[in-house]
Amino acid sequence: MTPTLATYLLRDGAGVPLVLLHGFPLDHRMWASTVDRLPPGVRVIAVDLPGHGHSDLGQLPPSLDAAADLVHTTLREQGEGNAVVVGLSMGGYVALAMAERHPGFVHGLGLVDTKSTADDDAARDARLQVAAAVTGSQTLDAVMGMPSKLLGPTSELERRGLYATVYAWIRSQSVAGVAWAQRAMAARPDRTHVLRSFTGPVAVVVGAEDHVTPLEDAHHMADAAPAATLTVVPNAAHLSTVEEPDVVAKALADLHERAQRP
């Protein structure tokens, strides 16, 4: 059974849309603050990835390639001929897979708090252990501590309310979706070569306090892409879109504007 993806027109407008892909283990809601700060006229479509938010999982194999193909098919069926695809963390992995597998569709890439390299053995084993834990317990206990990893020290001091918000987003996800995502991310390849051959505009964005995909990963991507900009977001960690949405919105607006140029 092919799953159905939930999509959301968060902002109407003309031209190439911004397509937003969320991180793990969240859904489209993590983009709301950033979208609110984008300039008028930018059309924005957010997607719940398989097994997250209101999207089905069906029999989809644990593969980010399969997720990328499904996002592409869903958007084409909705009449979109191309897009600027932006992803945070897991969403960035899917965005890179879309750029590799559907290059004619992806006019620009936004890579937010993510990386282009594959997991090392330790990270891969940790993901598979989490997948086994949530499947075995049929609870999300194994990922409920993630807000402390996703949010940085500035948020801990100044934005304590974000912890409850992120906790609630995680709590609302499904066991099957969380396990699927961990297995899919564990199996992903290095896609740095995709950036080297991508000729469209690229925006690399990273929180200065991000220890999950730190600044060195951002530099690796920005150095690989011929037309990349790098934005380091102060006072933000792995969820820069909710910690400092003004800075992220400015970077994405610039990416969208560059993607419109002939």
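Biologist: What percentage of the 262 residues of the protein chain count as buried?

Modeller: The figure is 58%, where buried means under 20% relative accessible area, exposed means over 50%, and partly exposed lies in between (1.4 Å probe, protein chains only). Please keep in mind that this is a predicted model, in which local features need pLDDT of at least 70 and side-chain atom pairs count only at pLDDT 80 or more, while totals for chains, interfaces and linings use all residues. Residues are numbered from 1 along each chain as its sequence is written, and side-chain values use heavy atoms, with hydrogens and water left out.

Biologist: How many helices and strands are there in the protein chain?

Modeller: The protein chain has 12 helices and 7 strands, which are DSSP runs numbered from the N terminus (helices: H or I, at least four residues; strands: E, at least two).

Biologist: And why is the protein chain called as compact as a globular protein of that length?

Modeller: The globule rule is 2.2 Å times the number of residues to the power 0.38, and the radius of gyration is taken over C-alpha atoms. For 262 residues the rule gives 18 Å, and the chain has 17 Å, close to that value, so it is as compact as a globular protein of that length.

Biologist: Why does Ala 222 count as buried?

Modeller: Its relative accessibility is 15%, which is under the 20% limit, so Ala 222 is called buried. Ala 222 sits in helix 10 (residues 215-224). Leaving aside residues up to four places away in sequence, Ala 222 touches Val 204, Ala 228 and Leu 230, a contact being heavy atoms within 4.5 Å.

Biologist: What is the phi of Ser 89, which is not a glycine?

Modeller: Phi of Ser 89 is positive, about 55 degrees, and Asn 235 also has a positive phi, near 60 degrees. Most residues other than glycine have a negative phi, and most peptide bonds are trans.

Biologist: Which residues does a cis peptide bond join?

Modeller: That bond links Phe 24 and Pro 25, with omega about -10 degrees. Pro 25 is in the loop between strand 2 (14-21) and helix 1 (32-36).
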